[in-house]
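Here's a quick tour for anyone opening this one up for the first time. Have a look at the sequence and the model, then read on.

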Amino acid sequence: MAHRRFRPASPSPSLPVLQPAEHARAMRPATYRTRRLVRTAARNWRLLAIGAVLLLLEVVFHVRSFAVVRPATNLDPPFHIGCQEPILNTSSRANAALVMLARNSDVDGAVDSIRSVQEQFNQHFGYPWVFLNDKEWSREFKTRVGKAISDGGGASDITFETIPPGMWGYPNWIDQDEARKSMASMERRKISYAGKESYHHMCRFNSGFFFDHPALLNYKWYWRVEPDIEFTCAVTYDPFVEMERNDKRYGYTIALWELGKTVPSLFRKLADYKMRRRIPTTSLWTAMMDPSYLPWPIRRLIWWVRNRDPYGDLWNMCHFWSNFEIADMEFFRSAEYRDFFRFLDEDGGFYYERWGDAPVHSLAAALLLRPDQVHHFADFGYVHRPFQYCTHAPTDDELRRGELVPDLRGRDVSAWPERELGCNCHCDPRIETVAPACFNRIRSTVM
Ligand code: GDP
Ligand code: MN
């Protein structure tokens with residue numbers, strides 16, 4: 001009670017400099033208030049303890065709601081395991097094309113990639129090739145690529161196409177000065193390719209207009225081939241036909257982490273979009289997220305932090321590496337996907353940030369497809385530097401532990417021929433095998 005005297009005085013405009021003794025006295029009210037708080041807390045400790053337990057329980061429930069419930073059976077096994085006699089049929093049976101977007105300067109890599117695809121797959125199946133470029137094709141590109149395809153055996157139709165200007169370049173609502181400023185700033189922050197305007201045009205094209213290119217409109221299925229890849233197993237069945245037969249819409253070989261700084265606002269905008277359009281949450285969407293461990297309501301207060309949704313939960317940045325894709329183009333031409341792409345395009349993040357077609361396609365698949373419509377080509381060995389994917393099946397023990405794609409980093413893969421899923425694979429020990437964390441989370445939606 002005696003302490004009441006030390007209530008703080010109201011602030012005066014000209015505060016005098018306090019002497020040490022006075023200073024100590026002035027500080028006392030704060031000490032007093034703390035003590036009073038401690039005493040109140042001590043009196044109400046039961047209430048506080050219950051509050052703390054409730055918050056903790058809420059966090060536990062919240063985190064558990066992000067666990068993906070694995071199905072009882074594998075909903076997405078490989079279409080084939082090992083080799084079979086490829087059914088020689090050089091007039092294609094699915095309405096499909098192999099498609100490569102490239103520059104004339106990519107010719108060396110393009111020839112190597114094409115040789116790999118022809119040798120491992122297309123010499124037996126003879127699917128047509130379509131080449132897309134924003135510039136006129138050089139004579140050298142056409143001759144060398146044409147030769148690589150015919151040398152590889154199997155007659156394939158080849159078309160060299162250019163991209164109409166309306167599909168490549170800035171849309172009129174982009175402030176180009178602003179965009180170039182962002183690009184320069186991203187380049188200073190060492191975001192790869194972000195300083196190159198053409199890379200942004202490419203990502204935007206691949207995210208949307210690609211599927212409406214006149215040369216592709218007559219095809220339903222496509223296999224994307226980049227000029228810097230290699231397939232390390234033989235593909236002895238028709239993946240397009242199997243996709244169709246198994247009701248799959250999108251296929252990938254590698255799932256990995258995006259660098260958050262390339263797409264800082266993409267996830268937040270899509271989370272808002274998902275809410276506004278009332279799109280239900282699929283288990284694949286959940287698998288691409290990590291829960292916040294902060295208690296309610298604190299976690300809602302951090303919604304503004306990069307890659308979080310309005311509830312404060314986080315995109316874990318897992319996505320499919322879209323330099324390989326086998327997909328149903330009707331999906332990308334659907335009203336739902338068009339609406340989704342228009343929303344992103346109007347936002348401008350393809351230019352003001354560096355949205356890649358990989359996170360865009362991946363989050364679209366997570367939003368708009370059933371998880372079992374997404375296929376992992378677990379039997380396709382694939383290299384796109386700096387990573388590769390090698391095709392080995394998990395053991396029963398690994399499966400139980402949720403290691404759905406075995407961690408092959410630093411392991412001698414030649415030691416487990418019995419676990420090989422592909423046909424005649426030659427996993428390259430010099431190239432880093434991709435870490436399986438994203439795979440495991442995504443695969444748990446289907447197996
Ligand atoms: P990364 O895979 O992200 O490292 O990038 P790449 O350099 O492999 O480019 C991705 C794909 O887009 C490749 O097929 C490139 O040939 C193609 N590409 C990139 N920029 C351009 C461009 O300006 N014009 C054309 N025609 N193709 C491009
Ligand atoms: Mn590439």
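Let's start at the ligand: a backbone N or O atom of Leu101 lies 2.6 Å from an oxygen atom of ligand 1. That's a polar contact, meaning a pair of N or O atoms within 3.5 Å (within protein, one must be able to donate a hydrogen and the other to accept it, and residues adjacent in sequence count only if both atoms are side-chain atoms). Keep in mind that this is a predicted model, where local features need pLDDT of at least 70, side-chain atom pairs count only at pLDDT 80 or more, and totals for chains, interfaces and linings use all residues. Residues are numbered from 1 along each chain as its sequence is written, chains are lettered from A and ligands numbered from 1 in the order in which they are written, and side-chain values use heavy atoms, leaving out hydrogens and water.

**Around ligand 1**
- A polar backbone atom of Ala102 sits 2.8 Å from a nitrogen atom of the ligand.
- For Arg103, an N or O atom in the side chain is 3.3 Å from a nitrogen atom of ligand 1.

**Strand β2 and its neighbours**
- Helices (H or I, at least four residues) and strands (E, at least two) are DSSP runs, numbered from the N terminus.
- Leu101 has Leu132 as its bridge partner in β2.
- β1 (residues 96–101) and β2 pair in the parallel sense over four bridges; pairing takes at least two DSSP bridges between two strands.
- On the other pairing, β2 and β3 (residues 158–162) are parallel over five bridges, with Phe131 standing opposite Phe160 in β3.
- Five of the five residues of β2 (residues 129–133) are buried, so the strand is largely enclosed by the rest of the structure.
- Buried means under 20% relative accessible area, exposed over 50%, and partly exposed in between (1.4 Å probe, protein chains only).
- Trp129, Phe131 and Asn133 cover one side of the buried strand, Val130 and Leu132 the other.

**Ser292**
- This residue lies in the loop between β8 (289–290) and β9 (314–315).
- Ser292 counts as buried because its relative accessibility is 5%.
- A polar atom of the Ser292 side chain lies 3.1 Å from the backbone nitrogen of Leu294.
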